[in-house]
Amino acid sequence: MLSAETADLLALCVLAVLGLAAVGWIVAELRRSPFTPAQSLLYALNYVVSRLLWRARIEGSLPVSPDRGAVIVCNHRCPLDPSFMALAVPRVVHWMVAREYCEHWLMGPLLRLCEVIPTSRGGSDTAATKAAIRLAAAGGLVAIFPEGRINDRQELLLPGRPGAALIALKARVPVVPCFVHGSPYDGTTLGCLLMPAKVRLTFGPAI
C-alpha cells in the first residue's frame, strides 16, 4: 500500500510526463506544419469561430496536389471570405489584398502575418502581379477576388478582371474556382464579426 506522500509524488510524475508528451507532440506538429507558430494560432482561432459562429462547411476539396501551385478565384460577399478558405486549404494562401488595407495600423500586421500580396486597386500593379506569378510558379497558392470588391448587389457575380488568367498562364498553373454562399455581411466589418451565419464554400474542378 502506497503512502499518501508517495501517491502524490507518483501522480505529479505522471502529470509531468503527460505534460512533456503534450508539449513534444505540439512541437512536432508545428515542425511538420506549413504554417508558422503565429499562423497556426491564428488559424486555430479562425477554425473555432468559423465553425461555431458562422457554421462554415466545405464541400469538396482543393483539386490540386500539395506540391503544386494554383490560382484560386472566388466570389466576394464579405470581408471574412478568406477565413472560410483557410478552413478548406491546409496551406498558406496568398491573397491579393488592396494596399491600403495592408498599410492600415490595425489590419496591416495581421495581413502581413497571413502573407498576403499588397496590390493597388486602380489600374494594373506590375509588382504585385510579378510577385503572384513567382509564388504560383514556385508551388504556392495565390487567391484572387476577380470582382475586385464586395458584391452587395443581387447579381450572382460582378464583372470580373482578367488578372487571374494572366497569372495562371505566366506561372503555368491551373485556375481553381470556388464559391462562397451565405457569408455574413451588414455593410460593416465589425457587423460581420458579430453576425451568425450558415456559410458554404464549394470548390469547382481545376481549369
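## The salt bridge

D125 counts as buried, at 9% relative accessibility; buried means under 20% relative accessible area, exposed over 50% and partly exposed in between, with a 1.4 Å probe and protein chains only. This is a predicted model, in which local features need pLDDT of at least 70, side-chain atom pairs count only at pLDDT 80 or more, and totals for chains, interfaces and linings use all residues. Residues are numbered from 1 along each chain as its sequence is written, and side-chain values use heavy atoms, with hydrogens and water left out.

A search of the whole structure finds one salt bridge, a term for a side-chain nitrogen of Lys or Arg within 4 Å of a carboxyl oxygen of Asp or Glu. The partners are D125 and R99, and their closest N and O atoms are 3.0 Å apart. The pair links distant parts of the chain, 26 residues apart: D125 is in the loop between β4 (117-119) and α6 (126-137), and R99 is in helix α4 (residues 99-102). R99 is partly exposed, with a relative accessible area of 30%.

T119 is found in strand β4 and is buried, with a relative accessible area of 16%. Leaving aside residues up to four places away in sequence, T119 touches M96, V97, A98, R99, D125 and A128. A contact of this kind means heavy atoms within 4.5 Å.

## The chain as a whole

The chain has eight helices and seven strands. These are DSSP runs numbered from the N terminus, with helices being H or I of at least four residues and strands E of at least two. Of its 207 residues, 39% count as buried. Among contacts between residues at least 6 apart in sequence, 69% join residues at least 24 apart.

The accessible surface of the chain comes to about 12400 Å², and 66% of it belongs to carbon and sulfur atoms. Accessible areas come from the Shrake-Rupley method with a 1.4 Å probe, and for residues only the protein chains shown count as cover.

Helix α2 (residues 37-52) has 16 residues, which should span 22 Å at 1.5 Å a residue; its end C-alpha atoms are 23 Å apart, which agrees. The expected span is 1.5 Å times one less than the number of residues. In α2, Q39, S40, Y43, N46 and S50 are buried. They cover an arc of only 125° around the axis, which puts them on the same side of α2; the arc is that of the directions from the helix axis to the C-beta atoms. The other side of α2 has P37, L41, L45 and L52 exposed.

The structure holds three aromatic pairs. In one of them, the rings of F35 and Y43 have their centres 4.6 Å apart and their planes at 85°, so the pair is edge-to-face. Rings of Phe, Tyr and Trp (its six-membered ring) pair if their centres lie within 6.5 Å; planes under 30 degrees apart count as stacked, over 60 as edge-to-face and the rest as tilted. F35 is buried at 15% relative accessibility, and Y43 is buried at 17%.

## Helix α7

In helix α7 (residues 163-171), the buried residues are A164, I167, A168 and A171. Seen down the axis of α7, they fall within an arc of 95°, so they line one face of the helix. An α-helix has 3.6 residues a turn, so residues three or four places apart point the same way.

The buried residues of α7 pack against β2 (70-74), β3 (93-98), α6, β5 (141-144) and β6 (175-181). The face turned away from them carries the exposed residues L169 and K170. R172 follows α7 and has a positive phi, near 60°.
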